[in-house]
Amino acid sequence: MEQFIQAAVIGVSLGAQYALLALGFTLIFGILGVVNFAHGGFYMLGGYVAYSCVVQLGLPYPVGVVAAVAAAAALGWLFELFLLDRLIDDHLATLMLTLGLYLLLSSGLLSIYGPLSMEFTFPVTGSLRFGPIYVPRENLIVLAVCVLAIGALWLILFRTDLGRALRALADDRRVATAQGMRPKILFPAAFALATGLAGLTGALVTPILALSPSVGDPVLATSFLTVILGGLGSLGGAALAAFIVGLVEAFTSVYFGGSIGALVLFVLVLLLLVFRPTGLLGRQARGA
Amino acid sequence: MASSLIQRPRLLGGDEAGALILVAACFAVPILTRNILAYSVLNQALIGVIGAQSVWIMLRMNLLSFATPAFMALGGYTVAIAGEYNITDGFLMTAAAFLVPALVAVPLGALVLRLRGTYFVLVTFVLSQIMQLLLFETPRLTGGSNGIAGIPAATLFGVDMMSQRQVLFYTCGLALLATIVAVALTRYFRQHFASIEENEILAESLGLVVWRYKAMGFVVAAGLAGLAGYALVTMLLTAHPSSFDSVVAVDFIAYTIIGGRGSVLGPIIGSLLLVYATQMFGTQGQYAQGLYGALILVVITVARGGIVGSAAALLRRLRPGRRATA
């Protein structure tokens, strides 16, 4: 029983991290119709910016996190504005552009920080004890920040004019544009919002897991998995799927070990893609 | 007079003849030089040539595939496992490395070819991830995370391909075979593939049985990927999961896009040049990925034809009087 609850706690905290990544990824796909291969790159960028602020400049950790969000959002905004926007309707071209950016970004980070893992630890340590169950404080803090960020994103998307405009563009770009929404301003904003979330996740999670130039690949694979499971472009689906993926990973690694859980999830996602490309909660497949 | 109105399909286009000659010319390297570094670079480049052509065949139909490493692994591990039973005959193994992935691609193609565009990209990415996990989860068959080491050298007419020189000859042969297959397929179905690339719905409504050509392309692309896996395993004498991860797919896609997706020369020239460029980084090989990234950005934003397409456009501009017929 203790093992079960322990696994559930790990699963929920993994789920919250995945949700932040997947929400950004699905936001980009839903609004711009772009598959962002660079998502793992923005996660890494967030991690390294936070590392530089905290370890090299000696700033407090929260400042590092804010700087990481700002850096990832700024790069995302510039990339969308100057490169992606010109080819926004050519799905193969935008995909190649994000792939190119990812390769550049990871080899840029590699040349600055080197190939080794960084000594980057979470500023809060120790764990809380609830009877027989231990919960690391760092996981609780990350969970809290993730939940707050998801709440904030929900407020932005469903309670502000910016959010309404973004959702209108996701629903039907032509009608939304005719109604006065301006993709030229809103697309870079949406991309920056999403990459900022990836940067936030990187800054929060890399001190707990690991920070090296190769951490982007698994992040990309997990984002794919989650987003396809939830339905490409569906925000609610992404959040739900993130917690499913987190819990499945936690429970299978505790009870079976190895990567059998990931294998099951990937096969499930393959079948889902083929037979129900709209995912769990998606409404319609995008005409891509 | 009617015959002059209809352009009769030629046996080979200029670019296709060029591609065959270029790959065949690689045989000259092991004959002319004894430089071990040149051998190793060319061997890697030729594996790229085979793999990139697999990507290119699918791109002919506007399908971007990340599944190449999965089929490479099927071909490579087939040979590695056969080696454990001391089956090393070159002809037999070449056939097996082509046929096993191709046969697996038949039912798989029936599943994934229902998808187009972005969804196809995603499903092939998922496929390559599944193959990685399968390799780790089947240690009895594939050696799991240890892979299969000490694979016996391939034999041809009773001769073991032991030296690097012999292995390079062998890879040249595989690359030439792959190029012949790719050229034959895309030449024979040139118009079919072109019409699918141009407008799939229109092609279908005009009576083209689109799924048939897509399936054929997918199966042959899988077979070529298997050959690339065979060449890789022959070079390393080891089959390891890390040789078949998604980075390999990204490399092949980079070779194809940067070389130029318009002609079969593109993936060939792209592989040869980029693998050579990677060697220029020397021990800093990991930065090659950054170079690929930068070149992809340049190709997609300003030079859509890649190296070959841009060179062809430049040639046309230099010779204004003549109209290109190819």
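Which elements of chain A do the buried residues of α5(A) pack against? I looked this up in a predicted model, where local features need pLDDT of at least 70, side-chain atom pairs count only at pLDDT 80 or more, and totals for chains, interfaces and linings use all residues. Residues are numbered from 1 along each chain as its sequence is written, and chains are lettered from A and ligands numbered from 1 in the order in which they are written.

**Helix α5(A)**

I found that the buried residues of α5(A) pack against α1 (2-32), β2 (133-136) and α8 (183-205) of chain A. They are E138(A), N139(A), V142(A), C146(A), A149(A) and L153(A). I count a residue as buried if 20 or more other C-beta atoms, placed from the backbone, lie within 10 Å of its own. Helices (H or I, at least four residues) and strands (E, at least two) are DSSP runs, numbered from the N terminus.

**Chain B**

I noted 16 helices and four strands in chain B. Of its 326 residues, 50% are buried. The C-alpha trace of chain B spans about 60 × 45 × 40 Å along its principal axes.

**Contact of chains A and B**

I took two residues as in contact if their C-beta atoms, placed from the backbone, lie within 7 Å. Chain B gives 33 residues to the contact and chain A gives 38 residues. On the chain B side, α6 (90-112), α7 (117-137), α13 (246-259) and α15 (288-301) each supply at least two residues. The largest share of that side, 15 residues, comes from α7(B).

Notes: Buried ≥ 20, exposed ≤ 12 C-beta atoms within 10 Å, placed from the backbone.
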